[in-house]
Amino acid sequence: MRPSALAGAAVMAGFVLGTAPVSGLLGVGLGRGVNVLRGRLTAFVGVALLAVSGWTPLSGLRLGGWLPAGGGAAADGAASGRV
């Protein structure tokens, strides 16, 4: 079967039709659940945001070679080829 724009559009339409009911139910369920956990959820999201905002630049610095790769002696042995 040759790929075509029509075949691609048919696949995407099937994907939308298949996932729309689940997405709608998930949205309604989460909307109701968030009302119950409003205060706790806000605190959790704040802590998670702070953690990710600290982890992301550190990962970039590590990948750029500005910081040593963490992980302890096991990672050092694996990196040098020794086990």
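Tutor: Helices (H or I, at least four residues) and strands (E, at least two) are DSSP runs, numbered from the N terminus. This is a predicted model, where local features need pLDDT of at least 70, side-chain atom pairs count only at pLDDT 80 or more, and totals for chains, interfaces and linings use all residues. Residues are numbered from 1 along each chain as its sequence is written, and side-chain values use heavy atoms, with hydrogens and water left out.

Student: Thanks! In which helix is F44 found?

Tutor: The protein has 3 helices and 0 strands, in the pattern α-α-α along the sequence. F44 sits in helix α2.

Student: Is F44 buried or exposed?

Tutor: Buried means under 20% relative accessible area, exposed over 50%, and partly exposed in between (1.4 Å probe, protein chains only). F44 has 57% relative accessibility, so it counts as exposed.

Student: Which helix gives the most to the nonpolar patch?

Tutor: Like charges are joined within 9 Å, and nonpolar side chains (Val, Leu, Ile, Met, Phe, Trp, Tyr) within 5 Å. Here V36, L37, L41, F44 and V45 form the nonpolar patch on the surface. With 3 residues, the helix that gives the most is α2.

Notes
Patch = residues over 30% accessible without salt bridge, like charges linked within 9 Å, V, L, I, M, F, W, Y side chains within 5 Å. Areas by Shrake-Rupley, 256 points an atom, 1.4 Å probe, with all protein chains shown as cover. Salt bridge = Lys/Arg side-chain N within 4 Å of Asp/Glu carboxyl O.
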